[in-house]
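This report describes the fold, core, aromatic pairs, salt bridges and surface of one protein model. The sequence and structure are shown first.

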Amino acid sequence: MKPRKPFSVERKPSFTAIPVYKRKFKLQHSKSSSKKVALIALIILLIVTPISFSMVNQFLKHSKTITTAKQKLEKKEDKIAFNFLLESGINRLYSKDYKGAFSEFKLAYKINPKHLQTQTLIIETLTILCVNNNDYCSYLDKFLNEINSF
């Protein structure tokens, strides 16, 4: 080797090539561990299955109680709304607000179409409205046909 000159800089190579590792690995199953895994999976399955069935059964019971509670609540709310509409319609009928009474009775009729008092009040109201306005006569005819179809 030659001695280096003072204050000289040696060039360094730009990069060094790294050797490529080309060895491939093959996955192999371990015979002893596969039996253990199958046994553990079977035990877990035997434990989880009855638990899941009981949870599904509890869920079905719970959803049934919720639906019955909702149905009872809806019936109660419908009854309250029906009574309110009927009373409000009667009050409007007495105060000679026939159009308002008709709208109240019509809404009450949608809630409970088989209620006889509502049907008679609608007929009375439509008869009064028909005298003043002929447009309500067609409503009266349609309503009478609808009642007769029951």
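## A threonine in helix α3

Is T125 buried or exposed? T125 is buried, because its relative accessible area is 0%, where buried means under 20% relative accessible area, exposed over 50%, and partly exposed in between (1.4 Å probe, protein chains only). T125 is found in helix α3. Not counting residues up to four places away in sequence, T125 touches L93, Y98, A101, F102 and F105; contact here means heavy atoms within 4.5 Å.

T118 also has its place in helix α3, which spans residues 116-132. With a relative accessibility of 0%, T118 counts as buried. Its contacts, leaving aside neighbours within four places in sequence, are F82, L86, F105, A108 and Y109.

## Basis of the model

The model is predicted, and local features need pLDDT of at least 70, side-chain atom pairs count only at pLDDT 80 or more, and totals for chains, interfaces and linings use all residues. Residues are numbered from 1 along each chain as its sequence is written, and side-chain values use heavy atoms, with hydrogens and water left out.

## Overall architecture

The protein chain contains four helices and zero strands, in the order α-α-α-α along the sequence. Helices (H or I, at least four residues) and strands (E, at least two) are DSSP runs, numbered from the N terminus.

Of the 150 residues of the protein chain, 17% count as buried. The accessible surface amounts to about 13600 Å², with 62% of it belonging to carbon and sulfur atoms; such areas come from the Shrake-Rupley method with a 1.4 Å probe, and for residues only the protein chains shown count as cover. Among contacts between residues at least 6 apart in sequence, 45% join residues at least 24 apart.

## Nonpolar core

The largest nonpolar core has 17 residues, of which F102, F105, I122, L126 and F143 touch the most other members. Helices α1, α2 (98-111), α3 and α4 (135-149) each supply at least two residues of this core, and α2 gives the most, with five residues. A nonpolar core is a set of buried Ala, Val, Leu, Ile, Met, Phe, Trp, Tyr and Cys residues joined through side-chain atoms within 4.5 Å.

F143 is in contact with Y109, Q119, I122, I123 and L126, leaving aside its neighbours within four places in sequence.

## Aromatic pairs

The count of aromatic pairs comes to four. Rings of Phe, Tyr and Trp (its six-membered ring) pair if their centres lie within 6.5 Å; planes under 30 degrees apart count as stacked, over 60 as edge-to-face and the rest as tilted. The pair of F102 and Y139 is tilted, because the ring centres are 6.1 Å apart and the planes stand at 40 degrees. This pair links distant parts of the chain, with F102 in helix α2 and Y139 in helix α4, 37 residues apart. F102 is buried at a relative accessible area of 8%, whereas Y139 is partly exposed at 41% relative accessibility.

The rings of Y136 and Y139 have centres 5.8 Å apart and planes at 45 degrees, so this pair is also tilted. Both residues lie in helix α4, three residues apart, about one turn of the helix. Y136 is buried, with a relative accessible area of 13%. F102, Y136 and Y139 form one aromatic cluster.

## Salt bridges

Two salt bridges are counted, each defined as a side-chain nitrogen of Lys or Arg within 4 Å of a carboxyl oxygen of Asp or Glu. R92 forms a salt bridge with D97, with the closest N and O atoms 3.8 Å apart. R92 is partly exposed, at a relative accessible area of 30%, and D97 is partly exposed at 33%.

The side chains of E104 and R92 also meet in a salt bridge, at 3.5 Å from N to O. The pair links distant parts of the chain, E104 in helix α2 and R92 in helix α1, 12 residues apart. E104 counts as buried at 10% relative accessibility. Through shared partners, the salt bridges join R92, D97 and E104 into one network.

## Nonpolar surface patch

L39, I40, I43, I44, I47, V48, I51 and M55 form a nonpolar patch on the surface, together having about 760 Å² of accessible area. Patches are made of residues with over 30% relative accessible area and no salt bridge: like charges are joined within 9 Å, nonpolar side chains (Val, Leu, Ile, Met, Phe, Trp, Tyr) within 5 Å. I44 is found in helix α1 (residues 31-94) and is partly exposed, with a relative accessible area of 48%.
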